[in-house]
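Visitor: I am new to this structure. Could you show me how to read it, feature by feature?

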Amino acid sequence: MTDAPKYRSYSQFEEFLHNFYSLSQTARIHSDSHTPVLEGIEKFSESINSCMDNDSLTFKISNDQVYVDDEKLAYNRTTKNLFDNIIRFFDTRSLEGVRLLEAVTQASAREILAFMRLLDISGQQPEPLAWLKDSLAAENIEWVELVKKTERPQDEESYKSKAERRERARKDYTYTKASIEEVAQKIKEGKGEVGVRKTVRVVQDLVTNLIEDDEVYSAISTLRVFDDYTYTHSVNVAMLSMCIGRRINLSRRNLVNLGMCALFHDLGKIEIPNEILHKKEKLDDSELKLIEEHSVNSSRLMLKLKASPDSKARILVPMFEHHLKYDLSGYPHADWKKPLTLFGKIISIADKYDTLTSSRAYRTSVLSPDRALGYMFDRAGKDFDPTIIKVFVNIMGVYPVGTLLKIDTGELALVVSSPSRDFSKRPLVCVLEKGDDENYTKKEIINLDERDAKTGNYVRGIIETYHPANLGIQPVEHIFSRN
């Protein structure tokens with residue numbers, strides 16, 4: 001091979017993975033001489049030649065992310081199904097990855113097909129990795145190296161390694177909340193045209209950090225303060241919205257715009273008296289009308305802020321839309337016939353989730369995060385965009401961070417990390433112990449995905465899920481604590 005470096009694009013890597021997975025499926029159902037198989041081998045070989053550099057080509061799975069030669073590929077609407085299939089394919093074969101050596105470029109079609117068939121069949125073996133190694137050796141296929149899947153138990157030590165990023169996220173949360181409070185206070189005091197330049201900078205910094213680690217930022221939305229619900233809710237919705245935007249591969253500029261829009265989506269509520277916002281009894285018709293006007297008022301107040309016309313134009317409509325449902329029911333009650341904007345669809349999902357999982361004065365109990373997701377998923381296509389709600393569920397996991405679980409040992413456990421996109425896996429939790437003072441303290445970190453080596457059954461079963469507020473537990477005290 002030439003010593004000159006080869007330019008390789010993400011699209012070439014994605015095409016290579018597509019051809020790999022396509023051939024694995026085609027070889028499963030067709031004979032050696034069948035046209036789709038021969039075409040699949042040719043495309044796979046061409047992809048190898050276009051992508052290989054430095055005498056090898058490695059593709060692997062790490063933390064539910066797909067890598068080719070250590071380049072992390074973007075998980076978005078275009079790649080979602082392919083990457084999910086490849087992650088599942090590798091997982092069932094106890095493989096983390098495959099390294100193709102330079103000799104593969106000289107391999108015959110028969111050898112490549114033999115490799116793909118053995119790789120496929122290995123998934124049906126009791127010990128797939130050992131079986132596959134022996135079978136490749138028997139076939140004299142020496143241009144493949146198998147990367148064993150390393151079991152990385154999410155123990156307390158690995159959990160604590162995130163401490164610095166969690167602390168940074170907490171500071172971002174505090175700065176963002178202070179920024180929206182400052183703008184709202186100036187509007188209340190009638191201080192003329194209020195600027196948002198500081199808020200823009202805060203959101204820009206937030207986007208920079210969120211791009212690096214969106215899992216931590218989706219988790220920090222468990223921060224909730226009842227007495228200050230309006231502002232904590234706004235920050236939560238902004239962070240969850242940006243996590244969705246990040247997952248569907250929005251540009252940095254659009255993430256900032258989305259964050260600004262979500263942060264100010266409830267600005268109109270500052271004009272509603274607290275006795276109505278926090279009323280425990282059922283609202284009368286006039287009070288309900290006042291509540292339903294807040295999305296229009298948010299857009300109206302945004303017009304008064306000191307910002308460029310272009311900046312305002314990008315975020316006004318989604319603020320108006322966030323209580324309109326996917327089928328255009330909801331409020332404000334207007335003759336609105338245009339489909340919701342992308343930002344409007346995203347913010348409506350983030351807003352509803354945080355509302356359902358937040359403790360409020362007028363609620364006797366709160367939905368646990370997993371049940372809130374189920375409730376919302378059942379309304380896909382009516383209340384919520386069906387594609388975006390799937391993305392959101394994938395981000396949050398089956399048991400979102402902050403879900404309180406009762407496990408079959410009789411203990412209570414709080415979800416502190418939930419596997420993203422891989423619904424075959426269960427979460428990392430911290431066990432909580434109730435003290436004599438009725439407060440809960442954090443004990444050890446355990447992985448509920450742990451299985452019995454002999455039976456294959458889970459070591460611990462999940463009996464029930466709760467919202468931590470129903471037991472007076474503040475998740476962030478345990479999730480983001482250093483001990």
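Guide: Start with one definition. A charge sits over a ring if NZ of Lys or CZ of Arg is within 6 Å of the ring centre and within 35 degrees of the ring normal. Keep in mind that this is a predicted model.

Visitor: Which residue lies over the face of Y458 at 3.8 Å from the ring centre?

Guide: That is R426. Y458 also has R451, whose charged end sits over the ring at 4.1 Å from the centre.

Visitor: Now ring against ring. How many aromatic pairs does a search of the whole structure find?

Guide: The search finds 11 aromatic pairs. Take F20 and F59. Their ring centres are 4.9 Å apart and their planes meet at 65°; planes over 60 degrees apart count as edge-to-face, so this pair is edge-to-face. F20 belongs to helix 1 and F59 to strand 1 (residues 56–62), so the contact ties together parts 39 residues apart in sequence.

Visitor: Which residues form one aromatic cluster with F20?

Guide: The cluster holds F16, F20, Y21, F44, F59, F89 and F90.

Visitor: Where do E145 and R99 lie?

Guide: First, their side chains meet in a salt bridge, at 3.0 Å from N to O. The pair links distant parts of the chain: E145 is in strand 5 (residues 144–148) and R99 in strand 4 (residues 95–101), 46 residues apart. E145 counts as partly exposed at 34% relative accessibility. R99 counts as partly exposed at 29%.

Visitor: And what does E464 form with R371?

Guide: A salt bridge, with the closest N and O atoms 2.5 Å apart. E464 lies in strand 10 (residues 462–466) and R371 in helix 17 (residues 369–377), so the two tie together parts that are 93 residues apart in sequence. E464 is partly exposed at 31%, and R371 at 41%.

Visitor: Which residues are linked with K325 in a network of salt bridges?

Guide: D327, K382 and D383 are linked with K325 in that network.

Visitor: What is found in the loop between helix 17 and helix 18 (386–396)?

Guide: D378 is found there. At 64% relative accessibility, D378 counts as exposed. The C-alpha atoms of D378 and I389 are 9.9 Å apart, while the residues are 11 apart along the chain.

Visitor: How do I read a helix?

Guide: An α-helix has 3.6 residues a turn, so residues three or four places apart point the same way. Then check the length. Helix 11 (residues 252–263) has 12 residues, which should span 16 Å at 1.5 Å a residue; its end C-alpha atoms are 16 Å apart, which agrees.

Visitor: How many of the 12 residues of helix 11 are buried?

Guide: Nine of the 12 are buried, and helix 11 is mostly covered. Among them are L255, N257, M260 and C261.

Visitor: How many disulfides does the structure hold?

Guide: A disulfide is a covalent bond between the sulfur atoms of two cysteines. This structure holds zero. C243 is buried at 1% relative accessible area, and C261 is buried at 0%.

How values were computed:
Residues are numbered from 1 along each chain as its sequence is written. This is a predicted model: local features need pLDDT of at least 70, side-chain atom pairs count only at pLDDT 80 or more; totals for chains, interfaces and linings use all residues. Side-chain values use heavy atoms; hydrogens and water are left out. A disulfide is a pair of cysteine sulfur atoms within 2.5 Å. Buried means under 20% relative accessible area, exposed over 50%, partly exposed in between (1.4 Å probe, protein chains only). A salt bridge is a side-chain nitrogen of Lys or Arg within 4 Å of a carboxyl oxygen of Asp or Glu. Helices (H or I, at least four residues) and strands (E, at least two) are DSSP runs, numbered from the N terminus. The expected span of a helix is 1.5 Å times one less than its number of residues. Rings of Phe, Tyr and Trp (its six-membered ring) pair if their centres lie within 6.5 Å; planes under 30 degrees apart count as stacked, over 60 as edge-to-face and the rest as tilted.
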